[in-house]
Amino acid sequence: MNAIDVHGLVKRFGDKTVVNQVTMQVARGEIVGFLGPNGSGKTTTIRIMCGLLTPDEGEGTVLGYDLRSEGLRIKREVGYMTQRFSFYEDLTIAENLAFVARLYDLKPVGAHVDRTLEDLGLTSRRNQLAGTLSGGWKQRLALAACIMHQPKLLLLDEPTAGVDPKARREFWDEIHRLAADGLTVLVSTHYMDEAERCHRISYISYGTLLATGTVADVVRDAGLVTYLVDGPKLEQLAAELRQRPGVEQVAPFGASLHVVGSDEAALKAALADLEGRDGVTVSRGETSLEDVFIQFMANSTDNMQ
Amino acid sequence: MNRIFSLGRLMALLIKEFIQMRRDRITFGMMLGVPLMQLVLFGYAINSDPKALPAALVSLSQDHYSRAMVSALENTDYYRFDHVVGSAEEAEHLMASGEVVFVVTIPSDFARRVDRGQRPQILIEADATDPSVASGAISTLGTVAAEALLRERGVPASEAKPADRLEVIVHRRYNPEGLSQYNIVPGLLGVILQMTMVMMTSIALTRERERGTMENLLAMPASPLEIMLGKVLPYLVVGAVQVAVILGAAKLLFGVPFVGSLWLLLVAVLIFVLSLVLLGYTISTVARTQMQAMQLTFFFFLPSLLLSGFMFPFRGMPEWAQWLGEIFPLTHFLRVIRAVMLKGADLPAIAFETGILVLFIFIYAGFALLRFRRTLD
């Protein structure tokens, strides 16, 4: 049985459809990355799954519980980490954890708090106000509080926004450790390197799910061709290339240009005359996940317009 | 797993709320200090029977009768003659500028008329912009002045003829019902409780919403009933402390008589406070921001203050206003507390008004639970 199994979810705010016919399956123990531009409906979808929002249409189960009628059971077994730090800044670290432990009826409260503090490495700072923690520590505290009651499904909404690379690395190591123990994780992110650490990814744009699968699947299914162009005066070259038919994206990466298109023949033709120029070399490159996402964003219509 | 109510979850919310309350030093200090401060301030400051009011004397004759009149008026303690002026225009100016509240004019023919037995007159002009200011001073005036005059002439009061009577002409436009300090202090208990309790609880949920903690709270297994009680009960404790402080001060500082049963009073106060915190909580389920909550609270305060009978006599209002006044818990509480503290009323005597307060509790709690959204929809 899938941890998440939802069909045709629709959520409207006023006359704006924020989530449009989203269908998603996530197997137990899987880490699924949820990607998409700002305002694409990621947070709304996650909120529907943890019972914070009721869908206007669609149905499904989360951890085997009905999405519409068994919200309270879902809440007990799901850990939800909000995008913004939403524990009490005027409570100490230990008090926040004790609050969560009591709400989930974890006994004895003291032992749960002590164990969590030890896992976090925050025992010595237990009496520090949560509001005085740095971004990285807040995020670790929030994660620890979310998994305290040993949920079966973890929903993380952009958990690493504003967190330094080392803390991000540690965070993802922790996620993988938890998943190895059977925890299912759905995590939304903007970072490509994080997407690549997921078992599978789903890409949502303006409420509609556009692609889903492993990173390799998504890149392959996008059917994009990428050429690398090296040489002098790349900025002028980039401007020139953008005008040509068949070229859909031109982006500088270090000392070379990524030139991306979906029609290989047209792209080849567009680049043909570059070969003879001074110092310019053209070679076939790997399409990256980012190239694919930029393509998705360029193609999808913004329903806010 | 109990879905509606679990003591453990309620404890979680209560402990959290108490810690937050303790940590917010300014608010905490305000909750305890402000009631005491307000009681002392208003208890001493609000006086509907003011004395030693500044007055101007327009004395056009300098005879011994006039001097006797003036000293008699000063002896009442109501008048303090700061100014002695020679013309009506000067006096007019003093009153217009607010420097004096009264102008007492003793006409030039005063002594002559006294001696001839021609009903002497004096004129009292009172500043009636605040009508309650002058009422006490004016009501004592007639007898005091007449007695002084008779004494000065050496005529015993029993032999005074109608023609000897002093005619006091009073120019004023209002004669309000007076309020005594005994009346004010019990009322202040109600007003102060209403102020702090409703204000504190009206931001209960909006604060969580604005700080972003609401999303987390809703994602965790806490029921609407638990959240409501978790928010409201800590303030019931604060209210209890306030009541103890105010009642103690009422007794020690103002010597307000306490004729009724203390227990009956405490039960009534508890019911009143519970209705207030639930009202505040109801506001917080409606308001989207703390600012809105404050605005709603004040929108509620002023009419309840003015129409409850705290500031103005309830029976003096037109009938429709009295009906409006009935919808405020404060109105009913004032009747209960004045009855218990001042008249020594027993339970049957206040049962009806207390019953209405209980009704408010159920109405507010029911409305708040209906309004409360378990989701962010």
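How many C-beta neighbours does A:Asp105 have inside 10 Å, and does that make the residue buried, partly exposed or exposed? A:Asp105 counts as partly exposed because it has 16 C-beta neighbours inside 10 Å. The scale behind that label calls a residue buried if 20 or more other C-beta atoms lie within 10 Å of its own, exposed if 12 or fewer, and partly exposed in between, with C-beta atoms placed from the backbone.

Before going on, a word on the model: it is predicted, so local features need pLDDT of at least 70 and side-chain atom pairs count only at pLDDT 80 or more, while totals for chains, interfaces and linings use all residues. Residues are numbered from 1 along each chain as its sequence is written, and chains are lettered from A and ligands numbered from 1 in the order in which they are written.

## Backbone features of chain A

A:Asp105 is also worth a look for its backbone: its phi is positive, about 60°, although the residue is not a glycine. It lies in the loop between H3 and H4 of chain A. That loop, between helix H3 (93–103) and helix H4 (109–120), also holds A:Pro108, and a cis peptide bond with omega of about -10° joins A:Lys107 and A:Pro108. For context, most residues other than glycine have a negative phi, and most peptide bonds are trans. Helices here (H or I, at least four residues) and strands (E, at least two) are DSSP runs, numbered from the N terminus.

A:Glu158 is another non-glycine residue with a positive phi, about 40°. Its place is the loop between strand S7 (153–157) and helix H6 (165–180) of chain A. A:Glu158 counts as buried because 21 C-beta neighbours lie inside 10 Å.

Helix H1 (residues 42–49) of chain A is mostly covered, with 8 of its 8 residues buried. Among them are A:Lys42, A:Arg47 and A:Met49. Just after H1(A), A:Gly51 takes a positive phi of about 85°.

## Sheet and domains of chain A

Four strands of chain A form an open antiparallel sheet in the order S2-S1-S4-S5. Its edges are strand S2 (16–26) and strand S5 (65–66), each of which pairs on one side only. Strand S1 (residues 4–13) pairs with S2(A) in the antiparallel sense over 7 bridges; strands count as paired if DSSP finds at least two bridges between them. Within this pair, A:Asp5 stands opposite A:Gln25.

Chain A is divided into domain 1 (4–90 + 129–219) and domain 2 (225–286), with bounds that come from an automatic or database domain assignment. The two domain centres, taken over C-alpha atoms, are separated by 37 Å. The C-alpha atoms of the chain fill a box of roughly 75 × 45 × 35 Å along the principal axes.

The UniProt annotation "domain: ABC transporter", from an unreviewed entry, covers residues 4–231 of chain A; such annotations may be inferred rather than shown by experiment. Over that stretch the chain is 35% helix and 29% strand, and the end C-alpha atoms are 49 Å apart.

A:Leu234 is found in helix H9 (residues 234–242) of chain A. It is partly exposed because 17 other C-beta atoms lie within 10 Å. Leaving aside its neighbours within four places in sequence, A:Leu234 is in contact with A:Pro252 and A:Leu257; a contact means C-beta atoms, placed from the backbone, within 7 Å.

## The two chains

Here are some totals for each chain.

In chain B, strand S1 (residues 53–59) and strand S2 (residues 79–85) pair in the parallel sense over 6 bridges, and B:Leu53 stands opposite B:Tyr79. S1(B), helix H3 (residues 64–75) and S2(B) make a right-handed β-α-β unit: with the strands pointing away from the viewer, the path from the first strand over the helix to the second runs clockwise.

Where the chains meet, 23 residues of chain B are in contact with 22 residues of chain A. On the chain B side, helix H1 (7–23) and helix H9 (213–219) are the elements that give two or more residues. H1(B) gives the most, with 8 residues.

Methods:
Two residues are in contact if their C-beta atoms, placed from the backbone, lie within 7 Å.
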